[in-house]
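Me: I'd like a close look at the aromatic ring pairs in this structure. Please keep it brisk.

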Amino acid sequence: MRKTVSSVRQWNWPALLSWLVFALALTGFDQWTKNWIQHRLITGDVDRITDFFNLVVAYNSGAAFSFLADAGGWQRPLFAGLAIVVSLVICVIIARNSSRKFLCLGLALVLSGALGNAWDRFTIGVVVDFLDFHVGSYHWPAFNVADICICCGAGIVVLAEFFGKKN
């Protein structure tokens with residue numbers, strides 16, 4: 001018990017709070033963009049921006065690339081619960097590694113994406129995707145700001161672990 005109490009005291013609470021504020025700001029931006037696109041377009045509409053990029057409204061009940069989208073509904077609480085667990089673990093890692101700014105940046109990005117997509121799952125039951133990149137008739141699966149945060153954050157975490165100095 002002593003070890004747990006002393007390790008909690010060693011956490012950098014102000015740094016954790018600042019990374020949480022950053023993550024929540026990105027989560028807010030993600031939610032704003034999803035709200036904006038749902039008021040701009042309806043499902044099935046395509047707003048052609050360039051020869052390789054469209055805005056669309058797509059609802060994803062699965063995970064990345066619509067993984068388990070047709071699983072019958074059991075995946076919704078699983079993915080939402082997983083996002084909560086991952087978010088708590090990320091907070092602990094940030095609190096314990098606050099001196100590693102690059103790592104914390106990556107983790108805060110992943111946290112913001114997890115929270116943004118979890119919010120969708122809790123409030124409407126699906127994740128709103130709207131960014132549609134394509135080459136000719138081949139379309140990359142639609143995605144959103146939260147997905148961008150998760151991918152960029154994961155990349156930063158990998159780079160931080162491979163190339164960062166550990167204290």
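Which helix holds both W19 and F22, and how many residues apart do they lie?

Reply: Both lie in helix α2, residues 13-40. They are three residues apart, about one turn of the helix. Helices here are DSSP runs of H or I with at least four residues, strands are E runs of at least two, and both are numbered from the N terminus.

This is a predicted model; local features need pLDDT of at least 70, side-chain atom pairs count only at pLDDT 80 or more, and totals for chains, interfaces and linings use all residues. Residues are numbered from 1 along each chain as its sequence is written, and side-chain values use heavy atoms, with hydrogens and water left out.

The structure holds six aromatic pairs. In one of them, the ring centres of W19 and F22 are 6.0 Å apart and the planes stand at 85 degrees, so this pair is edge-to-face. Rings of Phe, Tyr and Trp (its six-membered ring) pair if their centres lie within 6.5 Å; planes under 30 degrees apart are stacked, over 60 edge-to-face, the rest tilted.

W19 is buried at 15% relative accessibility. F22 is partly exposed at 31%. Buried means under 20% relative accessible area, exposed over 50%, partly exposed in between (1.4 Å probe, protein chains only).

Now F133 and F143. Their ring centres are 5.8 Å apart and their planes at 15 degrees, so the pair is stacked. F133 sits in strand β3 (127-135), F143 in the loop between β4 (138-139) and α5 (145-163), so the pair ties together parts ten residues apart in sequence. F133 is partly exposed at 33%; F143 is buried at 18%. Ring pairs link F133 and F143 with F52 and F53 into a cluster.
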